[in-house]
Amino acid sequence: MSIPYKVLLVDPRKCTGCRICEIACSFRKEGVFSPTKARIHVLRWEAEGLDIPMVCWQCEDAPCMAVCPVKAIYRNTKTGAILIDASLCIGCRECMAVCPFGGITISETGEMIKCDLCNGDPLCVKLCPTKALEYTKPSKYILTKKRESALKISEILKPS
């Protein structure tokens with residue numbers, strides 16, 4: 001069975017760390033060129049020589065949705081994006097705590113924010129010069145590989 005919606009796929013081998021995705025996202029969402037206001041963040045792993053774009057993976061069984069005590073997090077049935085209804089959100093940050101990918105952050109105004117796939121037209125994908133980002137339907141194989149990668153990443157990022 002394949003997932004009926006599209007997701008952002010990240011290929012860290014193609015990412016050069018240019019951060020154009022962050023700039024594009026912050027401009028589209030906030031109207032300013034400020035990577036700190038983006039819904040995607042590029043992490044640099046010096047020891048590994050890698051730059052890895054971190055973004056919401058729109059999980060099939062989204063833990064953020066499951067943990068939200070007021071059901072402010074839901075899936076858009078048209079795009080498949082996991083969204084946060086700011087009018088319902090109480091700012092408890094449980095969603096941020098359970099996200100294995102760091103896909104949910106808090107804005108300067110205290111609002112919980114995350115990638116919403118730009119309503120099915122992600123600007124970061126369009127502007128990525130190396131095609132490290134792709135907006136496509138995932139196969140079960142890809143989802144399994146992403147989950148395995150996420151577990152490895154989370155092990156590396158755990159404090160000692």
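Student: What should I know before I start reading?

Tutor: Residues are numbered from 1 along each chain as its sequence is written, and side-chain values use heavy atoms, leaving out hydrogens and water. The model is predicted: local features need pLDDT of at least 70, side-chain atom pairs count only at pLDDT 80 or more, and totals for chains, interfaces and linings use all residues.

Student: How is a pair of aromatic rings described?

Tutor: By the distance of the centres and the angle of the planes. Rings of Phe, Tyr and Trp (its six-membered ring) pair if their centres lie within 6.5 Å; planes under 30 degrees apart count as stacked, over 60 as edge-to-face and the rest as tilted.

Student: How many aromatic pairs are there by this rule?

Tutor: The count is 2. Phe 27 and Phe 33 have ring centres 4.5 Å apart and planes at 5 degrees, so they are stacked. Trp 57 and Phe 101 are stacked too, because their centres lie 3.9 Å apart and their planes meet at 20 degrees.

Student: Are Trp 57 and Phe 101 buried or exposed?

Tutor: Both are buried (under 20% relative accessible area; exposed is over 50%, partly exposed in between, with a 1.4 Å probe and protein chains only). Phe 27, at 41% relative accessibility, is partly exposed, whereas Phe 33, at 60%, is exposed.

Student: And what about Ser 26?

Tutor: Ser 26 has 0% relative accessibility, so it counts as buried. Leaving aside neighbours within four places in sequence, its contacts (heavy atoms within 4.5 Å) include Val 32, Phe 33 and Lys 37. A polar atom of the Ser 26 side chain lies 2.9 Å from the backbone oxygen of Val 32.

Key. A polar contact is a pair of N or O atoms within 3.5 Å; within protein, one must be able to donate a hydrogen and the other to accept it, and residues adjacent in sequence count only if both atoms are side-chain atoms.
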